[in-house]
Amino acid sequence: MKDVIIGLEVHVQLNKLNSKLFCGCSTKYHDSEPNTYTCPVCLGLPGALPVLNRAIVEAAIKVALALNCEIAEQTLFYRKNYYYPDLPKGFQISQYDYPIATNGKLVIEGDGERQIRIKRVHMEEDPARLVHKGPIERSKYSLIDYNRSGMPLLEVVTEPDLGSPKEARQFLNKLRNILEYLDVFDGSLEGALRVDANISLAGGARTEVKNISSYKGVEKALSFEIVRQKNLMRRGIKVVQETRHYDEARGVTISLRTKEEEKDYRYFPEPDLVPFKVKDKVAEIRKCLPELPDAKRRRFVKRYNISEHHAKVLTSELGLANFFENVAAKVGANQAATWIADVLKGELNYRDLDISAFSPEHMIQILHMLEEKNITEKGAVQVIRTLLDKGGTPAEIVKQKGLLKVDEDVIAKAVDEAIKENPAAVKDYHAGKNEALHFLVGQVMKKTSGKADPNVVNKLLREKL
Amino acid sequence: MITKKDVEHIGWLARIKLSDEEKEEFTTQLNSILDYFAKLDEIDPNVAPTHHVSGVVNVFRDDAVKESLDQKDVLQNAPKKEEGFFKGPRIV
Amino acid sequence: MTSISEIKKRMKETSAEEVVQSLFDKIERSKLNAFITLTKEQALKEARKADKNGAKGALAAIPIAVKDNISTRGIRTTCASKILKGYVPPYDAHVIGRLKAEGAIIIGKTNMDEFAMGSSTETSFFGPTRNPHDLSRVPGGSSGGSAATVAGGEVPIALGSDTGGSVRCPASFCGVVGLKPTYGLVSRYGLISYANSLEQIGPLGCSVEDVALLLDVIAGHDPRDSTSHVVKKKRYIDELEDDVSDIKIGVPKEYFEGVDKGVEKAVWDGIKLLEDMGASYSEIGLSHTKYALASYYIIAMSEASSNLARFDGVRYGLRLKKDKDWHTTFSEIRADGFGEEVKRRILLGTYALSAGYYGRYYLKALKVRTLIKQDFENAFKKVDVLIAPTMPFTAFKIGEKIDDPLSLYMADVNTVPINLAGVPSISIPCGFANGLPIGMQIIGKHFDEGAILRMAYTFEKHVEATE
Ligand SMILES: [Mg+2]
Ligand SMILES: [Zn+2]
């Protein structure tokens, strides 16, 4: 038996679609004034009725297929009845019996490959956004913005197959990766992904940590929870089954007075929506599925003959993979893989940028210059950094910074000068002292302001000495 | 038979605060109505439940954006509001 | 009573404005308490506009009253409840859009049982509506205001809603015509839900012709209601023929059990009259009728308990001065805002859906619903329409049944099975007992409103129902 057992309920916003789940309000509400993307339906006004967005059902099927799920023959929506200030109707339209998909799996790569079972995937509507003045437990009132209300959510529920906070994070990264490949999800938007995590230690009760809203948060919240539970056990205190709230700012989980329990939700089929049979759509949707990360990774290794590691990094984001293929079409694939996966990706991460911040054309130009030995590797890195920090074109930067490699005539001249100016070193060299050669190389580099190719300098010095 | 305590719990689930007299009265009334509902205990039909009487399936709308309401109209009915937000009660 | 054609005649003789003004004069003097809100200013403005520009549409310049659970943009909509205090919808229900498109003039919002929960219009926060035939009696409910105002000659037509008889019951008690359409014929968009899977908006009027005309305006597919049907649009008004010779009537014997003698006789007289007109009839069994009432109330209350959860004072409606924590705040608002009958139904519905009881109550009720539906399907293999008393008795005294909820529920025994099955039914006056009107309901197949309207029309032409 594992020491730590973790199961996740991941809520992802299908925010790449145009309109909300049950109404025509736009999904592009992020960074807008509160309550400007609402209508009678998503405000839960009396008399308003939901009508299901077809594209969201299709997107849900896409995701479910990518997660290797079985798609339901017939599916329908239920009402989950509970009260909370962010819930405009006093119930959430969700799925219960007959969810759209069940029994999937997702392979994650950590230390070796691990298969995580997906229990179910279902659709539901997002509640509104609550804003508090100060911490939730001290705020005198709540402010409510319904722009988020009715956003399409997909809830992906795993079996308790995850063995560590790190694995939980790997799972989320992989899930996000797939969702972005399917073009239904933009993970960079606020509130795009929210996680409830169930966690228990061997011999202890299970707690549910709610309200985790970032990838990093998952690992932190779960690590905190493990330490908390271990401490309790060590002191002989029983871990109680409860719901805890993750406080992102403080990095702790706090016990929340329990709201309704599962048995209090009074699920029943939503009478305002009719059932839908989607089975006959599945084949068609499957045909249109794009190449998914695992398949792409395998193809990269095979087709471009690059390392498994590079392929993994390059396919970890769709944008990065496409970037690589663009570049690899024009320059050597191995060269491209190294420079994109190792150098460029590192520079982007350092600046918290994504691949859209860099043009594949520029990468091609830089790699061409390297291939033709017009710049040094060091120079190439400098070009990349300058492009990211200041912009411009590679050619301009090379010119401005004088990064163009000096040609052999100039180096030869500098070599002659260095030999003439340092007779002692020449003597030492002939006496077999290797350091003397290093010294002379250094002198030549100094004369060429570091732009000479060290290999060429070495070669010429040996010849002339 | 449901008890006064059951009525209290149902009141909590339904978010309706009940006075003591109401709890008493509803316990009696609810029991007599539930007694009547027990008529259904007489049968155990082996048929599918009718959730939707029309039998219609697959009703969708296209993923097209429609204009939302003006913020002014949205907030016009709000008993309490602040800076474009609805003002709700505190959580804890 | 004042029919549409009478109104048209008077408007031609004088003006739309004068006619509308005269209706308001009458309503303002009225003892019926049929209205919660009057829209006099706007109505008169529209009447003047019609006088000036000429009126257009199927209901050109025709005054209409609308039940106060149908959302009207800019006009307060209360569901006769304190909890919707001050609520003015920012949008129109589908049917309101249709009325406006056809030129109708809305003169006000009518009284009703709170959230349409009742059969007497006594549970309104705005006080009971009275029956124009006897002011000490109820008008029936829950669309009591709509039926009473039509019966009182204050307005020619009105809209009601029928979840378990709420159009037909008051039509019967007030002696007017009221129709519950097939589930899905009329869009529910904007109708404040009591029990979504059961209810339809329905027309009330003083003649079958007026009801058919109003149905023509409000029926039809609406993409904003997922349960709205796409049916080929035909004009019901064109189906009103004085001919029932090809129609086979079924008489469900279960619907005559425990019915008052006077009511039973009037309905049988009606059936005999139709026989004289060439229709044939046979007795028929709807064997699961005895389970209909329990099944209906369980389903309606369950759905209601969820539908009414949205009334929390955050976005609209009643809010108490001082907020506490959210749980206490919501609980106190709802305690103060809902009347006793509404609370009772919410509690029962909450219970019927709760863990451990779902199977015994809610799920069982839905299975019984299947049986009831099958009863009708089997009956309609043999006959074209069914005829039965709408209500087992005539209008009762205000206050007579209000303290015994169960006995009030029992009054709906003949109307609720129709909603469970989703079929259409029309209630038409068929006589009087002790000076009080009696209603006879004609029940049809799904979307066969044409047949029941034709039968009702023929009956109306030939019956001589006098007090
Ligand atoms: Mg959920
Ligand atoms: Zn909306």
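The site of the zinc ion (ligand 2) is tetrahedral, with angles of 102 to 116° among its four donor atoms; four donors count as tetrahedral if all angles lie between 85 and 135 degrees. This is a predicted model, in which local features need pLDDT of at least 70, side-chain atom pairs count only at pLDDT 80 or more, and totals for chains, interfaces and linings use all residues. Residues are numbered from 1 along each chain as its sequence is written, and side-chain values use heavy atoms, without hydrogens and water.

**Zinc site**
- A:Cys23, A:Cys25, A:Cys39 and A:Cys42 each coordinate the zinc ion (ligand 2) through SG, at 2.3 to 2.4 Å; donors are N, O and S atoms within 2.8 Å of the metal (3.2 Å for Na, K and Ca).
- Along the chain, the donors of the zinc ion (ligand 2) have the spacing C-x1-C-x13-C-x2-C.
- A:Cys25 and A:Cys39 are both buried, that is, under 20% relative accessible area (1.4 Å probe, protein chains only).

**Sheet in chain A**
- Three strands (DSSP runs of at least two residues) form an open antiparallel sheet in the order E6-E5-E16; two strands pair if DSSP finds at least two bridges between them.
- Strand E6 (91-94) and strand E16 (268-269) of chain A are at the edges with a single partner strand each, so one side of each has no neighbour in the sheet.
- A:Tyr78 has A:Pro269 in E16(A) as its bridge partner.

**Chains B and C**
- In chain B, 51 residues are in contact (heavy atoms within 4.5 Å) with 66 residues of chain C.
- C:Glu332 and B:Lys17 form a salt bridge, with the closest N and O atoms 3.2 Å apart; the rule asks for a side-chain nitrogen of Lys or Arg within 4 Å of a carboxyl oxygen of Asp or Glu.

Conventions:
Chains are lettered from A and ligands numbered from 1 in the order in which they are written. Four donors count as tetrahedral if all angles lie between 85 and 135 degrees; four count as square planar and six as octahedral if opposite donors are over 155 degrees apart and all others between 65 and 115; anything else is irregular. Buried means under 20% relative accessible area, exposed over 50%, partly exposed in between (1.4 Å probe, protein chains only). Helices (H or I, at least four residues) and strands (E, at least two) are DSSP runs, numbered from the N terminus.
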